[in-house]
Amino acid sequence: MNEAPEDPGVVIGEDGLARPAWASVDPMLRDYYDTEWGMPVTDERGVYERVTLEGFQAGLSWATILRKRPAFRAAFDDFDPDAVAAYTERDVERLLANTGIVRNRQKIEAAIRNAQATQKLRDDIGLSALIWSSKPATTPRPRTFADIPTTSPESVALSKELRKRGFAFVGPTTMFALMEAIGIVDTHLIGSHRRGTSGIWPE
């Protein structure tokens, strides 16, 4: 029986910077990690886009979604919630025929439903404020990838609240990934050059 390879934690790149293994090889993922992942996103359109893309990512790799993101933005009117909320069955069929995106009817319909739910939230707390209200009192301090949780009590509660508000494809694991991506929690590995750089969770 072969033992699983040991999780090295951070990997030092050719540029001398420490990153997790998933962001250490592919230039696209490395750039995303260095410049975007974990940085605060608080505007409605930006949050809606990431909710949508995390939903499309379910069952797939994030690299797949990231490569298709320009096509997603073009297909979904740059994730303008008002534009997407007005989509009809004709738009669903248009999107199902678009080879540049993930062609999954349930996920496409969820994106439309979530845009409509985003509109309704404007009369209350608003999408961004609702999601950011899930910020915990502390953030994980992982040394290896295996140390990073995939859900949290806050992501479970956020998932439940969003579903109550009419959202779909917002399970606890998907919401924890969203929380990581937009800076609500900091799961950069201890030792990574990005740890604490969001300004939300200074070391």
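The model is predicted.

**Overall form**

The secondary structure consists of 9 helices and 2 strands. Along the sequence the order is β-β-α-α-α-α-α-α-α-α-α. The C-alpha atoms fill a box of roughly 50 × 40 × 35 Å along the principal axes. Of the 203 residues, 47% are buried. When contacts between residues at least 6 apart in sequence are considered, 65% of them join residues at least 24 apart.

**Helix H3**

Helix H3 covers residues 62-75 and has 14 residues. From its first C-alpha to its last it reaches 18 Å, close to the 20 Å expected at 1.5 Å a residue. A kink of about 55° lies at Arg 69, shortly before the proline Pro 70. Arg 69 is also one of the buried residues of H3, a list that holds Trp 62, Ala 63, Ile 65, Leu 66, Phe 72 and Ala 75 as well. The cover over these buried residues includes helix H1 (27-35), helix H2 (44-57) and helix H5 (89-96).

**Positive phi values**

Asp 77, which follows H3, has a positive phi near 50°. In the loop between H3 and helix H4 (81-85) lies Phe 79, a residue other than glycine whose phi is positive, near 60°. Phe 79 counts as buried because its relative accessibility is 0%. Phe 169 is found in the loop between helix H8 (153-164) and helix H9 (172-181), and its phi is also positive, near 55°. Phe 169 has 33% relative accessibility, so it counts as partly exposed.

**Salt bridges**

Side chains of opposite charge can pair when their charged atoms come close. The count of salt bridges in this model comes to 18.

| Residue | Partner | N to O distance |
|---|---|---|
| Arg 105 | Glu 109 | 3.3 Å |
| Glu 161 | Lys 164 | 3.3 Å |
| Arg 195 | Asp 186 | 3.7 Å |

Arg 105 and Glu 109 both lie in helix H6 (residues 105-121), where they are 4 residues apart, about one turn of the helix. Arg 105 is partly exposed at a relative accessible area of 33%, and Glu 109 is partly exposed at 36%.

Glu 161 and Lys 164 belong to helix H8; they are separated by about one helical turn because they are 3 residues apart. An α-helix has 3.6 residues a turn, so residues three or four places apart point the same way. What is the exposure of Glu 161 and of Lys 164? Glu 161 is partly exposed, with a relative accessible area of 21%, whereas Lys 164 is exposed, with 65%.

In the pair formed by Arg 195 and Asp 186, both residues are buried. Elsewhere, salt bridges that share partners join Glu 36, Arg 45, Glu 49, Arg 50, Arg 69 and Arg 73 into one network. Arg 69, a member of that network, is the residue at which H3 is kinked.

Conventions
Residues are numbered from 1 along each chain as its sequence is written. This is a predicted model: local features need pLDDT of at least 70, side-chain atom pairs count only at pLDDT 80 or more; totals for chains, interfaces and linings use all residues. Side-chain values use heavy atoms; hydrogens and water are left out. The expected span of a helix is 1.5 Å times one less than its number of residues. The bend at a residue is the angle between axes fitted to the seven residues ending there and the seven starting there. Buried means under 20% relative accessible area, exposed over 50%, partly exposed in between (1.4 Å probe, protein chains only). Contact means heavy atoms within 4.5 Å. A salt bridge is a side-chain nitrogen of Lys or Arg within 4 Å of a carboxyl oxygen of Asp or Glu.
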